[in-house]
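Trainee: I have a model open and would like to go through it. Can we take it piece by piece?

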Amino acid sequence: MCDATIPGELRDAPGVKAWMVYGSNLPTTLPDPEKTYRAIQALDFLVTVDVLPAEIVGWSDVVLPEATYLERCDEPFAPSYRQPYVTVRQEVVPPLYDSKPGWWIARELGLRLGLPHFFPWESPEEYAESRLKPLGIDCEVMKREGVVLGEAQPLYFEEGAVPTFWTDSGKIELYSQKLAALGFDPMPTWHADDVEDPPPGYYRLLFAHHPHEGRSHHGRHGHERELRHVRAARGGGRRAGRLERRGSRDGRGGVMSGTRYAMAIDTRTCVGCTACVSACKTENDVAEGFSRDWITSVVNGQFPDLSMEIRSERCNHCDDAPCVSVCPTGASYVGPGGIVLVDEARCTGCKACIAACPYDARFVDPRSGTVDKCTFCVHRIENGTPTTACQSVCPTQSIHFGDLNDPDSDISRMLRRRDSFTLMPEAGTRPRHYYLR
């Protein structure tokens, strides 16, 4: 695509003059960012449809803001599981501001291009009904129940049948006689000499787990929650008492008298749109591939009585912060308002604080070799701005921030009115990052 866009790159290419990008941040997903930027600059017109203010949005001539899930009705989903089911993720709240569902954007573009027959339906409900009716599923039942279960079916073999395979032995063969007879390795063997390096601008495709199981935050994986509890049970390597002895340094450390900043996330209204993540990256110049905050989704209950809790997570700015007590150089310290900070000049990148943090909220910035983390946007507070970057862009106003010692602050009022909880209270860190139920 880039080669066909850059003038002179391909001799016989007609020359692409416009791109329409849907839900993909091309500067970070294509293998050669420099060539991608050259191609973008050669375009006459660039349109982006996205739910996030990704980097590609900044290069676009026109941005069509798509509504996030829970602000739109998605098409019916019917996975081929042992217990098959059909479900439709439905709109919970109307789209905010100027955003529109993806189906509406596609339909309106088609109408304006004189192609109404590609999407003849007037609403997502009408489209869903056209998909569900041939299956004998009533749309009203789907709206009310949310999911329709089918009869359990065997996935691969009939129940009780002996499985057979198309091999000489009729079994699964780890050692293949056929491959051996053809002169190939009968078992997979790595031959480094046979692997050629890809040409410049290309990369070798490697794949393993389904990307749905991944995390965008540094090194997160599917067993992260279990590992957090194991780490907390072991004490996280904390050495009690050092926080009080370290105290203030150079007039900066220690808790600012009378002020205790904290944050609360409303789990009822957070939709996981990741606008907070993008705002934090931009505000704080976070290294590419890393995040100071992230979105976590937790499914509670047992099928089919399930509920999902979506949380925006970050450093908990604990009153008894283990990252501070284990730091050998004093780089991790408690700053104004009880905000836990990192002195880059003192940090050696030893990662002791990373190992001690039960919330996995720290990482080493590859540009400086020092530890980075959420700072509650302390620079904004010092400049007189009472909100964090993440709070200022939250479309559902799910992020509350302020002084716990001020009874009239937004966060104090919310914590009085609503039930709340903190993550891993058993770690004994006394976090100041709350979640409203």
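Mentor: Start with Ser325, which sits in helix α12, residues 322-326. Helices (H or I, at least four residues) and strands (E, at least two) are DSSP runs, numbered from the N terminus. The model is predicted: local features need pLDDT of at least 70, side-chain atom pairs count only at pLDDT 80 or more, and totals for chains, interfaces and linings use all residues. Residues are numbered from 1 along each chain as its sequence is written, and side-chain values use heavy atoms, with hydrogens and water left out.

Trainee: Is Ser325 buried or exposed?

Mentor: Use the cut-offs: buried is under 20% relative accessible area, exposed is over 50%, partly exposed is in between (1.4 Å probe, protein chains only). Ser325 has a relative accessible area of 4%, so it is buried.

Trainee: Where does Asp360 lie, and is Asp360 buried or exposed?

Mentor: Asp360 has a positive phi of about 55°, yet it is not a glycine. Most residues other than glycine have a negative phi. Asp360 lies in the loop between α13 (352-356) and β11 (363-364). Its relative accessible area is 14%, so Asp360 is buried.

Trainee: What is the relative accessible area of Arg430?

Mentor: Arg430 also has a positive phi, near 55°. Its loop runs between β14 (420-421) and β15 (433-436). Arg430 counts as exposed because its relative accessible area is 53%.

Trainee: Which strands stand at the edges of the four-strand sheet?

Mentor: The sheet is open and mixed, in the order β13-β6-β15-β14. Two strands pair if DSSP finds at least two bridges between them. The edge strands each have a single partner, so one side of each is left without a neighbour in the sheet: they are β13 (399-403) and β14.

Trainee: Which helix packs on that sheet?

Mentor: Contact means heavy atoms within 4.5 Å. The helix touches β6, β13, β14 and β15, and its direction makes about 115° with that of β13. Axes are lines fitted to C-alpha atoms, for helices over the stretch in contact, and angles run from 0 to 180 degrees between N-to-C directions. The helix is α16, residues 410-417.

Trainee: Which residue stands opposite Asp266 in β15?

Mentor: Strand β6 (residues 261-266) runs parallel to β15, and four bridges join them. Opposite Asp266 stands Leu436.

Trainee: How many residues of strand β2 are buried?

Mentor: Strand β2 covers residues 45-50. Five bridges join it to β1 (residues 18-22), running parallel. Four bridges join β2 to β3 (residues 62-65), also parallel. Strand β2 is largely enclosed by the rest of the structure, because the buried count is five of the six.

Trainee: What is the bridge partner of Trp19 in β2?

Mentor: Parallel pairing links β1 and β2. In β2, the partner of Trp19 is Leu46.

Trainee: Which residues does Met1 touch?

Mentor: Met1 lies in the segment before α1 (2-5). Met1 counts as exposed because its relative accessibility is 54%. Leaving out residues up to four places away in sequence, Met1 touches Trp19, Leu26 and Leu30.
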